[in-house]
Amino acid sequence: MRTALVLLVLLLSACGNTTGDGRRTSKIDKSYEARDACLARNASADDIGNSDPATLARAVAMACTPETEKLIGVSNRDGDPRAASAIRKDSEFRAMGYVLRARGQVTN
């Protein structure tokens, strides 16, 4: 019984350690903020009223490729292509939201 309790305490203490990578988390958060700021800025920069929202979202996401790639580099240390693809798709999805907000079609 005592051995089981010791093993349980060791197991729980190993799982509870989440403070070891605070700098990386901070870099990821800053990269998300930079990417989202770029998307918002580009979504409202052009005349967006006359174009297809999906086309605009792709263009906005492409305009923010440097920020998106930096986010991928910071958050995807293993170079997993699925993770990189998911972040790029998320950028386009968020760009669509910013385009629709700029058109007044979506409220916060």
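Student: Which helix holds Ala61?
Tutor: Ala61 sits in helix α3, where a helix is a DSSP run of H or I with at least four residues, numbered from the N terminus. A word on the source: this is a predicted model, in which local features need pLDDT of at least 70 and side-chain atom pairs pLDDT 80 or more, while totals for chains, interfaces and linings use all residues. Numbering runs from 1 along each chain as its sequence is written, and side-chain values use heavy atoms, without hydrogens or water.

Student: Why is Ala61 called buried?
Tutor: Its relative accessibility is 11%, and buried means under 20% relative accessible area (exposed is over 50%, partly exposed in between; 1.4 Å probe, protein chains only). Ala61 therefore counts as buried.

Student: Which residues does Ala61 touch, leaving out those up to four places away in sequence?
Tutor: Leu39, Ser91, Glu92 and Ala95, a contact being heavy atoms within 4.5 Å. Ala61 and Arg88, 27 residues apart in sequence, have their C-alpha atoms 8.1 Å apart.

Student: What makes Cys38 and Cys64 a disulfide?
Tutor: Their sulfur atoms are 2.1 Å apart, and the rule asks for a pair of cysteine sulfur atoms within 2.5 Å. That rule gives a count of one disulfide.

Student: What does this pair tie together?
Tutor: Cys38 belongs to helix α2 (residues 22-43) and Cys64 to the loop between α3 (53-63) and α4 (65-75), so the bond links parts 26 residues apart in sequence.

Student: Why is the disulfide called left-handed?
Tutor: Because the torsion about the S-S bond of Cys38 and Cys64 is about -95°.

Student: How do you know that both cysteines are buried?
Tutor: Cys38 has 2% relative accessibility and Cys64 has 0%, so each meets the buried cut-off.

Student: Which residues make up the largest nonpolar core?
Tutor: There are 11, among them Cys38, Leu39, Ala61 and Cys64. Such a core is a set of buried Ala, Val, Leu, Ile, Met, Phe, Trp, Tyr and Cys residues joined through side-chain atoms within 4.5 Å. Helices α2, α3 and α5 (81-102) each supply at least two of its residues, with α3 giving the largest share, four.

Student: Why does Asp36 count as buried?
Tutor: Asp36, in helix α2, has a relative accessible area of 15%, so it is buried. Beyond its neighbours within four places in sequence, Asp36 is in contact with Arg94 and Tyr98.
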